[in-house]
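Here is a short briefing on the assembly shown below. Please read it alongside the sequence and the coordinates.

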Amino acid sequence: MNRNILVLSMLVLGGVLTTVGFIMAFFFTPPVLGPAVTNEVGRILGYQPLFSQKIFYFHVPVALSSFLVFFFTAFYGVRFLMTKEKQYDTRAKIATEVTLMFVILTMATGILWTRFEWGRWWVWEPRLTTYFIMTLLVIAYFVLRNSIEDEERRATYAAVFGIIAFIDAPISFAITRIIPSSVHPVVLRSGGGLTGSQLAAFLIGLFGMLMIAYAIFHTRMREELVHDRLEAVKAALEG
Amino acid sequence: MAGEARGLSLRQFKAILHKDIVMELRTKEMITSMGLYALLTMVIYQVALSQSGTAFDPRNIAAGLLWLAFVFTSMLGLNRSLVHEKDQGCLEALLLSPVDRPVIFFAKAIGNLIFLLIVQVLTIPVFAFLFLQQGSYAGEWWMIPLALLAGAIGISGVGTLLATMSVNTKGKDFVLTVLFVPLMYPLLLAAVSATSAAVLGGDGSVQQFWTGMGMMAGFDAIMLLASFALYEFIVGA
Amino acid sequence: MDPVLEEIYALVVPSLPYVAGAYAILWIALVAYIGMAYSRVGRLEKEIAVLEESLERRGISA
């Protein structure tokens, strides 16, 4: 019962923090400045504020959280392979489910951002590409799970694939950045050089998002446990 | 004692590899199916490029086309190689025998690597003959083989692990595709970049080639180590 | 709100739909996901309560 109260308070706190981050991002942080605005003689009058950069304050926390949750897929995968206990498989599965949710949200917010910044719905930019690959890896994880019936084998294979997919994701990120792509030489303007209040809004959003991730994970975990208990009760009733 | 064990492992390794190669020499099944598949891919390329006009130089996308062919043929080969093991009960027999699991992994991976390399060696001249008649090859002669080898090592190493999983699922080759493509994405990107630098040449191509090679080497080292370590769990389940 | 910020925001209205869309998608998806998980937990727990009760009753009657 204590766990449930903790989870609920984390959820509420996460909601409050992300809302605070949201309000800070829009009403208090200075905008990130884009290209210079010049007059006829070429004197710089000022810089065009990038309102679309506001997506950053949610996009990046979600992206970072998704990666952190994906770490738990691999972590519980390792734990499962070490102990062969079913609970770790369940945990890994739920962590992957939360990862799927978060990578899809990262992609959705990222796509809207690129649409405005570069005028195209999709750009093969390192970060977006990495997340696209991550989405596919997570989907592959569930395809693999669904195509195995034997419970222990399913858990083992899923653990192995979860670990190897988690190793693959940062490699994918590194390689997409380093390999020169002739098609779209693009540089993201976000990240780095955040001023105080921008950093604060970002960090508050990040912590809020992590708490929400924690709450989702444990709510889903509780659902699985209740589900297992239900099956046990049903079996007892029939038997 | 350790030396003796190593000697035994080496003998077992050779025995498994030997079995795969002898079976292939007898049936020629893998090479024919993979080779034909590669050849058919060339036909599809012709269709794909048929409307691209005379100004279009296929050299610009040659590296990508080549690796595309290798990806699909290697998936076919990997699936077949492990399906054989399973259908004939070889894998179970191997598991019952006191063979070290890592030995099984390396023997199967090297076998797959050899088949993939043979297919690559056969495909390249055909591809060059069909698509690269005009224009010349810009890089040093050893660049292409080196890039092919680095890519093939990663494909067959991780591919062996994935194929061992996928043959034990309901989806089989479909599951292999779904697992294989996103995992291989970084390797393929580096492989195409290195191969492309070798084919096209130009400013900075040597540097681009070595960057790609370095990335592939890194991928191969990390992913092979991971596959090697995890293989034991896969065959045990 | 800072009047300077207000003026600046008037300049950037074209990007508003995308920013609003991004936030909306994020919020709606998260709320829906959490809400669904909670309602499922609630339903399952109710079901369990009923079943456990009948199990107990049967235990007594038997």
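Predicted model: local features only at pLDDT ≥ 70, side-chain atom pairs only at ≥ 80, totals over all residues.

Residues are numbered from 1 along each chain as its sequence is written, while chains are lettered from A and ligands numbered from 1 in the order in which they are written.

**Chain A**

- Chain A holds 6 helices and 2 strands. Helices (H or I, at least four residues) and strands (E, at least two) are DSSP runs, numbered from the N terminus.
- Read from the N terminus, the order of elements in chain A is α-β-β-α-α-α-α-α.
- Of the 239 residues in chain A, 46% are buried. A residue is buried if 20 or more other C-beta atoms lie within 10 Å of its own, exposed if 12 or fewer, and partly exposed in between, with C-beta atoms placed from the backbone.
- Take the contacts in chain A between residues at least 6 apart in sequence: 74% of them join residues at least 24 apart. Two residues are in contact if their C-beta atoms, placed from the backbone, lie within 7 Å.

**Chain B**

- Chain B has 8 helices and 0 strands. Its elements run α-α-α-α-α-α-α-α from the N terminus on.
- Along the principal axes, the C-alpha atoms of chain B fill a box of roughly 60 × 35 × 30 Å.
- Buried residues account for 42% of the 237 residues in chain B.
- Among contacts in chain B between residues at least 6 apart in sequence, 86% link residues at least 24 apart.

**Chain C**

- Chain C has 2 helices and 0 strands.
- Of its 62 residues, 11% count as buried.

**Interface of chains B and A**

- Here 28 residues of chain B contact 27 residues of chain A.
- On the chain B side, the elements giving two or more residues are α7 (173-200) and α8 (205-236). The most come from α8(B), with 12 residues.
- By class, this side of chain B has 19 nonpolar, 8 polar and 1 charged residues. Ala, Val, Leu, Ile, Met, Phe, Trp, Tyr, Cys and Pro count as nonpolar, Asp, Glu, Lys and Arg as charged, and the others, Gly among them, as polar.

**Interface of chains A and C**

- Here 32 residues of chain A contact 29 residues of chain C.
- On the chain A side, α1 (2-27), α2, α3 (86-118) and α6 each give two or more residues. The largest share, 14 residues, comes from α6(A).
- This side of chain A divides into 21 nonpolar, 4 polar and 7 charged residues.

**Helix pair α2(A) and α6(A)**

- The axes of α2 (residues 56-83) and α6 (residues 196-238) of chain A come within 9 Å and cross at roughly 40 degrees. Axes are lines fitted to C-alpha atoms, for helices over the stretch in contact, and angles run from 0 to 180 degrees between N-to-C directions.
- The two helices are therefore oblique to each other. Angles under 35 degrees count as roughly parallel, over 145 as roughly antiparallel, 65 to 115 as roughly perpendicular and the rest as oblique.
- Residues of α2(A), including Y57(A), F58(A) and L68(A), meet residues of α6(A), including F202(A), M209(A) and L210(A).
- The contact has 14 nonpolar, 2 polar and no charged residues.

**Helix pair α6(B) and α7(B)**

- Helix α6 (residues 143-166) of chain B packs against α7(B) at about 175 degrees, with the axes 10 Å apart. That makes the pair roughly antiparallel.
- The α6(B) side includes G151(B), G154(B) and G159(B), and the α7(B) side includes L179(B), F180(B) and L183(B).
- By class, the contact has 17 nonpolar, 5 polar and no charged residues.

**Residue I222(B)**

- I222(B) sits in helix α8 of chain B.
- It counts as partly exposed, with 16 C-beta neighbours inside 10 Å.
- Not counting residues up to four places away in sequence, I222(B) touches I167(A) and I171(A).
- The C-alpha atoms of I222(B) and G154(B) are 9.7 Å apart, although the two lie 68 residues apart along the chain.
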